[in-house]
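Trainee: I'm new to this one. Can we walk through it together, feature by feature?

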Amino acid sequence: MTDPFIRTIADAEREGPLAGLRLAVKDLFDLAGVPTGAGNPRWLETHEVPDADAKAVALLREAGATVVGKTITDELAWSLNGTNAHYGTPDNPAAPGRVPGGSSSGSASAVALGRADIGLGTDTGGSIRVPASYCGLFGLRPTHGRVSLEGAVPLAPSFDTAGVLTRDAATLRLAMGVLLEGTPEAGPITRLLVPQDIWAEIPEATRAAVMPKVEELGLAIDHAPLFPESADAAPLETARVAYATLQAWEAWQTHGEWIEANDPVFGPGVAMRFANAAKFDSADTDAAQRVRSGVTALVRDRLPQGTALAIPAAPGPAFAIGGSPNREAIVRLTCIAGLSGAPGLAVPAGMVDGLPVGLQLVAAPGADERLLELA
């Protein structure tokens, strides 16, 4: 068994609404007196041990949660696989022999294994929603900016969010209630947009497993396309490319100087992504920003108050360790929330060949509490 923890911690018990709940902390968040490694040994070597908790950790601790360990993350959080070339692949008990999904891999694994009740993670391009889908968990990527990332290692700041993974919806709602800042959107979700243009791209087995969960919610369903007819024959792929371009640009702006100065050893996938990121220029990002603005406007128009987008959290179940994922197909499903800053909720939906797959619900920015109520 590959332990999800890189460090186990004996924390003091506290009182509060989260009292008695065990917290696993992704190794991007600072814990006072504990090294932050960000999934890479060179990062560990070149950074001081923090003397204060990240704000999200502090809030959860103050609410009574007990930290039980720091968990494995994909290197600098730039992967959706859940594998780490240095620390291994945490177990996925819901799909033995398969990846847990990343980059919040250890937090998802710890919760799925029953070794923690709350897994604190981050979601830039799907790093909570994909592990939730693969491990049969609940997870929320909040509205961008509604949960503090103070004291957390960034990747692409205009996309980065912090949220949690849990085994049940009640714990998810309780923990996120501690973390969420700002004023929530009013009114319950009463309508689901289940767009035919996105669902047409989903493998048949996943459609068959996830659609019953959509119908089970008992809300009004609209199958109209998400994207309007236009000259762009593949608007979802255009959105994915824009997301990937902007994420890469921001990741290099964030970490390029450190990489050039410290020559870290990355696993092959992460190494390739950083090498490619160094090549982007402003012409690439200008075009991508225009696409992002269009997606943001589209979400605002198509997801008014009371409406949520319902699509799979991933195109299929977890792939075998050592296998080759279709990263592009995954990001096509996760990038809409990322580009628009919207909250995305992943809930267990069904099984494909005995392996879990999740439903993703995306609502307008600020509707986090409404999604948690729906969960």
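Trainee: How does the lining of the largest pocket divide by class?

Mentor: This is a predicted model, and in it the lining of the largest pocket splits into 9 nonpolar, 4 polar and 4 charged residues. The pocket is lined by 17 residues, and its volume is about 380 Å³.

Trainee: Which residues lie nearest the centre of the largest pocket?

Mentor: Look for A244, M272, R273, N276 and R327. Helix 8, helix 9 (268-277) and helix 11 each put at least two residues into that lining, and helix 8 gives the most, with 7 residues.

Trainee: What are two packed helices described by?

Mentor: You use the angle between their axes and the distance between the axes. Here, helix 10 (residues 282-302) packs with helix 11 at an angle of about 90°, the axes being 8 Å apart. Angles from 65 to 115 degrees count as roughly perpendicular, so helix 10 is roughly perpendicular to helix 11.

Trainee: Which residues make the contact?

Mentor: Helix 10 brings R292, V295, T296 and V299, while helix 11 brings I336, G338, L339 and S340. By class, that contact has 4 nonpolar, 3 polar and 1 charged residues.

Key
Residues are numbered from 1 along each chain as its sequence is written. This is a predicted model: local features need pLDDT of at least 70, side-chain atom pairs count only at pLDDT 80 or more; totals for chains, interfaces and linings use all residues. Side-chain values use heavy atoms; hydrogens and water are left out. Axes are lines fitted to C-alpha atoms, for helices over the stretch in contact, and angles run from 0 to 180 degrees between N-to-C directions. Helices (H or I, at least four residues) and strands (E, at least two) are DSSP runs, numbered from the N terminus. Angles under 35 degrees count as roughly parallel, over 145 as roughly antiparallel, 65 to 115 as roughly perpendicular and the rest as oblique. Contact means heavy atoms within 4.5 Å. Ala, Val, Leu, Ile, Met, Phe, Trp, Tyr, Cys and Pro count as nonpolar, Asp, Glu, Lys and Arg as charged, and the others, Gly among them, as polar. On a 1 Å grid over the protein atoms alone, a cavity is a set of points where a 1.4 Å probe fits but cannot get out, and a pocket is an open set with protein on both sides within 12 Å along at least five of seven lines; lining residues have an atom within 4 Å of a point. Grid points are joined across faces, edges and corners, and a volume is the space filled by probe spheres set on the points.
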